[in-house]
Structures are given as C-alpha cells and as structure tokens.
Amino acid sequence: LYACLDRGLRLLHPLLPFVTEELYQRIPPAHHKSESICIASYPSYVIAWDRPAVDDEMKLFMNTVKQYRSLCAHLEVPQKERPAGFIRHKDAACKTFLEQHTLEIATLAKMGKLTIIGGDAHNPAGCVADVVNDQCDIFLDPEGSVNLQQTIEKIAKKIAVSEKSLESYLKKMAAADYESKVPEDVRKLNSEKTEQIQEELKGLNTAKANLEKIVHKL
C-alpha cells in the first residue's frame, strides 16, 4: 500500500502539485522518501514487478464482466433482475481463477448465481450464449427475467434502425468526392461510428439468434 501511495502521488504530481505535496507529507517517513515531492524522483518502470499471468487474469475478469453486461443490455434484462449464468473455460488454471472470483464477477456484471463449468461441458439448456474469447464462453439463463418473444421483437427493431444508420454512413463514405471534400477528422469520426454500429449489430444479431433457438425449443 505504501509503495502504491508513494508512486501514485509522484505520478500525479505534475498534474496536481499542491494536493500531492500535501498528501505526500502525510506519508510515514521512509529511507527513500524525499523531503518534498518536488525533489522526489519520478517513478520509473520496474521490470521485477511484471506479472503477465496476473495481467491475463485481470483481462479475463474484465472481459467476462463486460460481456455479461452487454448481453444483459441486448436482452433488456430489467435492472432489478439478477439472472443466473454459467461460465465455461477450456483452461484449467483460468477455470480455477474464475471459481475463486465468481462473487466479484456476478456483482459487477449484475448477475445472480454464476456456475463455472469445464471446457468439455455442453451448452447449458435454455441459456443465451456469448463469447468472451476463443477459450471462454458465457451463458445467461433468461427464465423468469426476460419475455423472450417480446425481447426478440425489440431486438429486431433495433437491428432495423442500426442497419438503416449503417447504410447511411456507408453511402456517404462511398461518394466519389468523399476523400477530397470531407475533412480528415470527420472521416475518422465516420469510420469510428461505422465500426461501432457494426459491432452493435453483431451483438444484436447474436442475441436474437440465441433467443430464437431457445424459443423454438420451448
């Protein structure tokens, strides 16, 4: 904790000189602590602190939460609902990591009970699936929290609106004089918006297809 405070304040000092100086003076004395943060050395990169495995675990954690929240948004799960879910990972070490942090993932993803299953397990029945990466899949049980048919209709409307918006952007970008007449910053903004819509459409189409499969099985 001391190292984090010390280095964090020194990193922030150029942006918040007075606040960081005040807080730095309140840190307990140490052999490497300077009389003032103004003359303290700026933090340098410490190779020995590298933990690639921890970085990978944190990335898995964050991406899993992100995918669950995105899936809940696409399915229009009510805010008060906490659907159950499953996480399947092919790697044994990652599976163990996920088992140790199911509570934290569920809390941040606004999910109910999460169950970790092995890479060779079949897709849980009646669940909507999504992909975190090539090793990890997530599943959400919509029973009791989602009106499937109604949600499919809402997603279909969203897809139609997004497709119309995407078509409009692509038509603008395909114009013969687009590169010469449209400023670079606007072209960049249009490209980013196009990619954003395409990504949104991908998620919406996946959610719709998953829900339709579940409805057909009922």
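The structure is a predicted model, in which local features need pLDDT of at least 70, side-chain atom pairs count only at pLDDT 80 or more, and totals for chains, interfaces and linings use all residues. Residues are numbered from 1 along each chain as its sequence is written, and side-chain values use heavy atoms, with hydrogens and water left out. The protein has eight helices and four strands; helices (H or I, at least four residues) and strands (E, at least two) are DSSP runs, numbered from the N terminus.

**Overall build**

- Along the sequence, the pattern of the protein is α-α-α-β-α-α-β-β-β-α-α-α.
- The radius of gyration is 24 Å, well over the 17 Å that the globule rule gives for 218 residues, so the protein is more spread out than a compact globule. This radius is taken over C-alpha atoms, and the globule rule is 2.2 Å times the number of residues to the power 0.38.
- Taken along the principal axes, the box filled by the C-alpha atoms is roughly 70 × 55 × 30 Å.
- Of the 218 residues, 34% are buried. Buried means under 20% relative accessible area, exposed over 50%, and partly exposed in between (1.4 Å probe, protein chains only).
- The accessible surface comes to about 14,400 Å², and 57% of this belongs to carbon and sulfur atoms. Accessible areas come from the Shrake-Rupley method with a 1.4 Å probe; for residues, only the protein chains shown count as cover.
- Among contacts (heavy atoms within 4.5 Å) between residues at least 6 apart in sequence, 71% join residues at least 24 apart.

**The sheet**

- Four strands form an open sheet in the order E2-E1-E4-E3, with mixed pairing. Two strands pair if DSSP finds at least two bridges between them.
- Strand E2 (114-118) and strand E3 (128-133) are at the edges with a single partner strand each, so one side of each has no neighbour in the sheet.
- From one strand to the next, the twist averages 25°.
- Helix H4 (residues 92-100) packs on the sheet and touches E1 and E2, and its direction makes about 165° with that of E2. Axes are lines fitted to C-alpha atoms, for helices over the stretch in contact, and angles run from 0 to 180 degrees between N-to-C directions.

**Strand E4 and its partners**

- Strand E1 (residues 85-89) and strand E4 (residues 136-140) run antiparallel and are joined by five bridges. Gly85 has Leu140 of E4 as its bridge partner, and Phe86 stands opposite Phe139.
- E3 and E4 also pair in the antiparallel sense, over five bridges, and form a hairpin with two residues between them. Here Ala129 has Phe139 as its bridge partner.
- Five of the five residues of E4 are buried, so the strand is largely enclosed by the rest of the structure. Cys136, Ile138 and Leu140 point one way, while Asp137 and Phe139 point the other way.

- Gln67 lies in helix H3 and is buried, with a relative accessible area of 19%. Not counting residues up to four places away in sequence, Gln67 touches Asp130, Val131, Val132 and Ile138.
- The 26 residues of helix H6 (residues 148-173) should span 38 Å at 1.5 Å a residue, and the end C-alpha atoms are 37 Å apart, which agrees. The expected span is 1.5 Å times one less than the number of residues.
- Buried residues of H6 include Leu148, Ile155, Ser162 and Tyr169. Their cover includes helix H3 (52-75) and helix H8 (184-217).
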